[in-house]
Amino acid sequence: DLKKHLTSSTAPLSIVGMGGIGKSAVCFRAIRGSLDHFDNLVDINFEKGLSFDSLLVILAKKIFIWSEEFEKLDTESRRRLILTELGSLGRLLIIAENYETISEGLLSCNPTQDEIKVNNLMEEIPANVVVVLTSRHRNNLIGEYIYPLSGLNNTDGTDLFLKIANNY
């Protein structure tokens, strides 16, 4: 399902589930099978407290536009330049890991200005860019396709354990 979405849609894809359930592993496996459909790939790990300005610097470095001139630009000029450059990179894939660090504040109705700016930027990404994010929360970006992950039920978990343990 994920590979099909990655190759046929530009809607953001949110892989959601509890912490440690394997969102990143599922994400990277789907991407590995879809890489030939993309010209470029950018991965970003959203850490707690990531500022909007820091995200712009990270993106500038990942898409190779970081320079002394870029450093001298104001925040709005940096944002516009990054969006323009993203639009010129062919079919691009952005992997946004741990996006709950941004959406958590938005869902709490008490977001910081940085969380609002980061989320707005992610929603302004040009149409040639596919965003795949991992998050513990649903409703991360407008128009996202949500792919929920959940653990095994008790019967399946027990059966799996017995199959593996039986070998030992």
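This is a predicted model: local features need pLDDT of at least 70, side-chain atom pairs count only at pLDDT 80 or more; totals for chains, interfaces and linings use all residues.
In which helix is Lys23 found? Lys23 belongs to helix α2, which covers residues 23-32.

Lys23 is buried, at a relative accessible area of 9%. Its contacts beyond four places in sequence fall in several stretches of the chain. Ile15, Val16, Gly17 and Met18 are among them. So are Thr134, Ser135 and Arg136, and Leu149 is also touched. Arg138 gives a sense of the distance along the chain: 115 residues separate it from Lys23, while the two C-alpha atoms are 13 Å apart.

Now step back to the whole chain. It holds eight helices and five strands. Read from the N terminus, the order is α-β-α-β-α-α-α-β-α-α-β-β-α. The C-alpha trace spans about 65 × 40 × 30 Å along its principal axes. Of the 168 residues, 39% are buried.

Helix α5 comes next. It runs over residues 75-87, 13 residues in total. At 1.5 Å a residue, the helix should span 18 Å, and its end C-alpha atoms lie 19 Å apart, which agrees. At its start, a side-chain oxygen of Asp74 comes within 3.0 Å of the backbone nitrogen of Glu76.

Which residues of α5 are buried? They are Ser77, Arg78, Arg79, Ile82, Leu83 and Leu86. An α-helix has 3.6 residues a turn, so residues three or four places apart point the same way. The cover over the buried residues of α5 includes the helices α3 (52-62), α4 (68-72) and α7 (113-123). Strands β3 (92-97) and β4 (129-135) also take part in it.

Turn to the aromatic rings. The count of aromatic pairs is two. One of them joins Phe46 and Tyr99 edge-to-face, with 5.1 Å from centre to centre and 80 degrees between the planes. Phe46 sits in the loop between β2 (40-45) and α3, and Tyr99 in the loop between β3 and α6 (100-107), so the pair ties together parts 53 residues apart in sequence. Both partners are shielded by this count: Phe46 is buried at 1% relative accessible area, and Tyr99 is buried at 0%. Lys61 lies over the face of Trp66, 5.3 Å from the ring centre.

Helix α6 holds Ser103. This serine is buried, with a relative accessible area of 1%. Its side chain makes a polar contact of 2.8 Å with the side chain of Asn140. Leaving aside residues up to four places away in sequence, Ser103 touches Ser135, His137 and Asn140.

Finally, the cysteines. How many disulfides does a search of the whole structure find? The search finds zero. Cys27 is buried, with a relative accessible area of 1%. Cys109 counts as exposed, at 69% relative accessibility.

Note on methods
Residues are numbered from 1 along each chain as its sequence is written. Side-chain values use heavy atoms; hydrogens and water are left out. Helices (H or I, at least four residues) and strands (E, at least two) are DSSP runs, numbered from the N terminus. The expected span of a helix is 1.5 Å times one less than its number of residues. Buried means under 20% relative accessible area, exposed over 50%, partly exposed in between (1.4 Å probe, protein chains only). Contact means heavy atoms within 4.5 Å. A polar contact is a pair of N or O atoms within 3.5 Å; within protein, one must be able to donate a hydrogen and the other to accept it, and residues adjacent in sequence count only if both atoms are side-chain atoms. Rings of Phe, Tyr and Trp (its six-membered ring) pair if their centres lie within 6.5 Å; planes under 30 degrees apart count as stacked, over 60 as edge-to-face and the rest as tilted. A charge sits over a ring if NZ of Lys or CZ of Arg is within 6 Å of the ring centre and within 35 degrees of the ring normal. A disulfide is a pair of cysteine sulfur atoms within 2.5 Å.
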